[in-house]
Every structure is written in structure tokens, then in C-alpha cells.
Amino acid sequence: MKKNPTTCRASRSVILLLLAIVTVESSTGGNFDIKRLDFPDGFLFGTATSAYQIEGAYLEDGSGPSNWDHFAAVGGNLSTGDNGYITDDYYHRYMEDIEIMHSLGVNAYRFSISWSRVLPKGKFGEVNQAAIIFYNKIIDNILLRGIQPFVTIHHFDYPQELEDRYGGWLSPSMQEDFVYFAEICFKNFADRVKHWATINEPNLFVEMAYVRAAFPPARCSPPYGNCAQGNSDVEPLTAVHNMLLAHAKASKLYGEQFKLEVDGMIGIIVSAFMYIPLTDDKEDKEAAKRALAFDVAWILDPVVFGDYPPEMRRYHGKELPYFSSDERALLRDSIDFIGINHYSTFYAKDCIYSSCICNDSSCTKGNDRPLRGFVSTFVERNGVPIGEPTGMIRFFVVPKGMEGIVLYVKERYHNKAIFVTENGYSSPDNEDESYQHDVKRINFHKSYLYYLARAISNGADVRGYFIWTLMDDFEWRSGYNVKFGLYRIHHPTLNRIPKLSAGWYRYFLSNTSSSDIESSDYILSDEKHLAY
Ligand code: BGC
């Protein structure tokens with residue numbers, strides 16, 4: 001008798017899944033018992049993406065070239081030779097991706113708006129109506145499925161025109177251009193979008209763009225690197241200054257003209273690594289605090305208190321720009337929430353009282369300078385790594401860091417509302433069995449969520465959590481080699497294929513308990529995806 005191929009495929013996948021589930025349970029390390037009910041009512045659970053990383057549709061329907069298109073086109077900038085011309089082709093497949101999110105059961109979706117799609121030449125040209133139609137379709141379709149839009153206005157990509165005309169974020173002109181773009185977004189979408197983040201990770205962006213030369217416009221100077229142009233001691237400070245003022249002006253506009261209509265919220269998103277002392281020495285303990293101030297508080301102090309952290313003022317000379325009193329007033333309390341992107345934790349070592357010689361891979365050049373707060377960061381101590389490795393060279397799995405960073409932000413900013421706007425795991429494994437049966441990613445999320453819930457029970461006002469990311473995408477300088485997705489993108493078909501973690505997230509979101517992970521719901525969800 002011939003076997004029915006459907007039954008055969010189904011039973012094979014059930015067996016595979018049961019095997020995988022046993023592995024999940026036995027390799028969890030700590031038993032991180034975490035369930036949706038451990039989080040407050042109305043908590044947002046979502047996935048996060050950014051425009052350039054998924055959309056593709058390069059120069060299509062009136063879209064203009066961005067800084068990233070330009071950067072990727074220049075030979076050698078991306079060792080992988082990749083670019084974002086097609087990436088996940090979300091521009092054409094967004095309906096499928098919305099269905100996928102709906103099937104996961106998320107109640108929020110964080111995405112960004114492509115500046116060069118909406119304004120191909122910034123404020124020096126017309127609004128591209130095709131882009132407005134595109135983002136309207138996304139917003140309307142997710143809302144129809146009970147998913148709240150959480151919109152980032154600017155996530156690393158901007159029209160190349162603005163770089164060519166005046167040097168992008170190094171120029172104060174970028175402030176007005178950003179506000180112009182933000183106003184177009186508010187006018188077109190703010191009637192339905194309640195959560196707005198102005199800028200994604202100014203602190204990480206300027207480090208990559210003006211110190212490491214790993215993001216456009218790829219500028220730097222010694223000792224950080226040898227670029228044709230740049231000044232790594234000054235330019236990151238200038239660019240952040242312009243980004244903060246751009247944020248504050250857009251936030252003011254939103255507050256005056258759009259916020260009340262939908263009782264909306266506006267915030268900024270910061271890259272938020274946790275830092276812990278390398279040793280028990282007083283100096284290293286101070287260094288860990290200083291690292292947090294020079295990284296996280298660099299962005300958040302101005303938007304909450306109106307000025308740069310006192311720790312930074314103490315060590316920087318006049319290269320740290322000053323805000324006028326009007327600017328301080330504009331910046332102060334210019335956020336309703338803090339967005340934190342948290343991935344990993346570093347050991348911090350003091351470089352003021354002891355010398356920091358940069359001679360191994362865990363050390364970053366120039367850490368004996370004010371820009372880095374005179375702190376050296378390490379990912380191991382006495383030869384022992386700080387956590388399990390991931391697919392990103394300096395990201396290790398340190399779940400407790402989530403609690404640490406949330407409590408740091410809670411205390412420093414008087415319990416302002418927080419959203420974890422990104423948290424994710426990149427697989428060290430590439431395209432093999434464990435890549436799709438990504439038990440390690442499941443364990444990562446369970447453990448980080450466990451410590452997030454602990455921070456909440458310690459009083460932190462956390463309102464949402466977004467997994468980075470929905471599907472493997474263009475991972476900036478690493479091209480398509482680093483994979484954070486719950487879904488795999490099969491090249492060249494661009495089919496979306498669920499990893500085990502997608503089934504887990506769906507299970508987590510639809511169930512009240514975590515211990516009965518062998519529930520048939522979990523298996524069925526994956527069966528459903530396999531048939532997709
Ligand atoms: C960025 C994302 C990026 C992720 C993983 C974050 O800093 O916001 O765009 O893909 O890190 O590297």
C-alpha cells in the first residue's frame with residue numbers, strides 16, 4: 001500500500017519536533033520558567049524590523065538612493081559584496097509577512113519608514129506618494145489584525161542627497177530635514193500610530209559611522225582607523241548633538257500638533273549594552289558606571305534632563321558641544337518613553353588609573369580617550385567568556401544583563417516608561433539542522449524574558465518587548481551572513497521558512513504556562529508553518 005505523503009511528512013515533523021522539544025528542555029541551562037501572564041496587562045509583544053534591512057525594491061516606484069545604497073555600491077565596503085537592493089523583498093511581500101506576524105499572535109509590530117522612499121531628495125524634492133500608499137497599507141493591514149504599529153522614523157538610512165549636499169548628521173541642516181520628514185510621517189500616519197520613536201540608536205550609529213567606519217559615511221581617524229577623512233574624537237559628538245536636537249524638535253512638533261488626537265507617545269531608542277566591572281576593584285566598578293554614562297546616558301540624559309551626563313562633562317574638553325538654554329528647555333522631557341535595544345553585556349576595566357594597552361580582540365582602540373570614558377571592555381575574564389557565544393563576534397548570552405540595564409534606566413530616569421524595542425539572538429550555526437531548529441534562540445528569549453519580568457517585579461515600568469527580528473535580513477556591515485530571524489529566508493526563492501523559535505514565540509504568546517511546552521498547540525503551530 002502506498003503511504004499518503006501528507007501523513008508521512010506530518011508524522012516526520014512531529015517526531016523532529018518532539019526531539020527538538022526534548023533538546024529545548026534539557027539544554028535550557030537554568031530553568032527559566034516564563035509565561036505571558038508574568039507580564040502586565042496591555043503589555044506589547046512584537047517583532048521588530050527596519051526598512052533598509054527588509055524592503056528591497058531599490059529605486060522602485062519613485063524611491064531614491066540612500067546612504068546605504070551608496071555605501072554598498074562602493075567596492076570593498078561590505079566584504080560580503082551584499083547590498084539591500086532586494087533583501088527580503090518585503091516591499092512586495094509585506095502581506096505575507098503581516099499574515100505571518102498575525103499567526104504568531106503578536107499585538108505590536110515595530111518597523112521603520114524609509115526616508116529616501118518617502119523623500120528621495122529630502123526636503124529638496126517632492127514627497128513620493130507611492131511610499132505613503134505603501135506605509136498606509138502596512139499600517140491599515142496590521143491594525144485590521146489587531147497589531148499595533150510602533151514606528152521608528154529614522155533607522156540608520158537617509159537620502160544620499162543629504163550626505164552629498166551637506167554631510168548628513170555632521171551638519172545642523174540635518175535637523176530641519178529630519179523634522180520635515182517627521183512632519184510628513186505624522187501628517188500621514190499619526191491618526192493611527194500611537195507609538196513613535198524618532199531615531200534608532202544614535203549612540204551606536206555614530207560609533208559605526210564616524211569611529212569604526214563600518215556604516216556610511218565611513219569616516220574615521222587614528223588611532224581608531226585610517227580613513228581618507230574624519231575626526232573620530234569630535235565627529236561622533238557633533239553627529240549625536242544634531243540627532244538629539246532633531247529629535248527634540250520633532251517631538252515638540254508631535255506634542256503640539258498630533259499627540260492629542262490619538263493619545264500617542266513619542267520616544268527615542270538607545271543601544272543599551274550592560275556593563276559590569278571586570279574585577280572587584282573600586283576603579284573597575286567606577287569604570288562600569290562610567291561606561292553606562294558615556295554610552296546610554298549620553299543619549300538619555302539630554303532628552304530627560306536637558307544636558308549631557310555630568311560624567312561626560314567632567315572628562316571631555318570643549319569638544320563636547322553645549323546646548324543653549326532654549327535648546328536645554330526643548331530637550332528636557334522630550335520623551336514619553338525610553339526604547340532600549342539590549343543584546344549583550346561587557347566587562348568594564350578602568351583606563352584612568354591603569355593603562356589600557358589594546359593588544360587583543362576584546363579591546364577597542366582608543367579606549368584610553370574621553371570618547372570611551374577611559375574604559376576598556378572585555379568579553380571574557382581569566383579566559384572564561386562572559387556567556388555563550390552567538391553569531392556576532394562581541395555579543396554573548398548574558399540574560400541577567402537585561403535586568404541590570406532595565407534597572408539602571410529605571411533608577412536614573414525616575415521610572416520613565418520603557419519599551420524593549422530590540423532583543424535578539426544571531427545563530428552561530430549557518431544553514432545546518434540546528435540553524436532551523438534554533439533551540440539556542442528559544443533559550444535566549446526565555447532567559448532574557450525571565451530577567452525582564454524580574455525587573456518589572458522590582459518596579460520597572462516596562463510596557464513592551466520586541467524580538468529582533470521577524471526574519472533573517474540585511475544585517476548592515478555583515479550583509480546576509482548574520483541571522484537574527486524567527487524565520488529563515490530561503491535564497492533564491494525568498495520563501496519564509498519558520499525556525500523552531502517562531503513556533504515557540506507563537507506558543508509563548510498564546511499560552512498561560514511555560515512548563516507544558518510539549519502541548520499539542522506548540523506542535524500544531526509548527527505543523528501549520530511547515531505546510532505554509
Ligand atoms: C540595530 C539593528 C541590527 C541589530 C543587530 C541593532 O543595533 O538597531 O538594525 O540589525 O542591532 O545587529
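A polar contact is a pair of N or O atoms within 3.5 Å; inside the protein, one atom must be able to donate a hydrogen and the other to accept it, and residues adjacent in sequence count only if both atoms are side-chain atoms. The model is predicted, with local features needing pLDDT of at least 70 and side-chain atom pairs counting only at pLDDT 80 or more, whereas totals for chains, interfaces and linings use all residues. Residues are numbered from 1 along each chain as its sequence is written, and side-chain values use heavy atoms, with hydrogens and water left out.

With that in mind, we can turn to the ligand. An N or O atom in the side chain of Gln53 is 2.8 Å from a ligand oxygen, a polar side-chain atom of His155 likewise lies 2.8 Å from an oxygen atom of the ligand, and for Glu475 the distance from a side-chain N or O atom to a ligand oxygen is 2.6 Å. The ligand taken alone exposes 310 Å², of which the protein buries 95% (accessible areas by the Shrake-Rupley method with a 1.4 Å probe; for residues, only the protein chains shown count as cover).

The ligand is surrounded by 14 residues, a residue being counted if one of its heavy atoms lies within 4 Å, and the closest are Gln53, Glu201, Glu422, Glu475 and Trp476.

In the protein as a whole, 61% of the 532 residues count as buried, meaning under 20% relative accessible area with a 1.4 Å probe and protein chains only. The protein exposes about 20,400 Å², and carbon and sulfur atoms supply 52% of that area.

How values were computed: Buried < 20%, exposed > 50% of the residue type's maximum accessible area, 1.4 Å probe, protein only.
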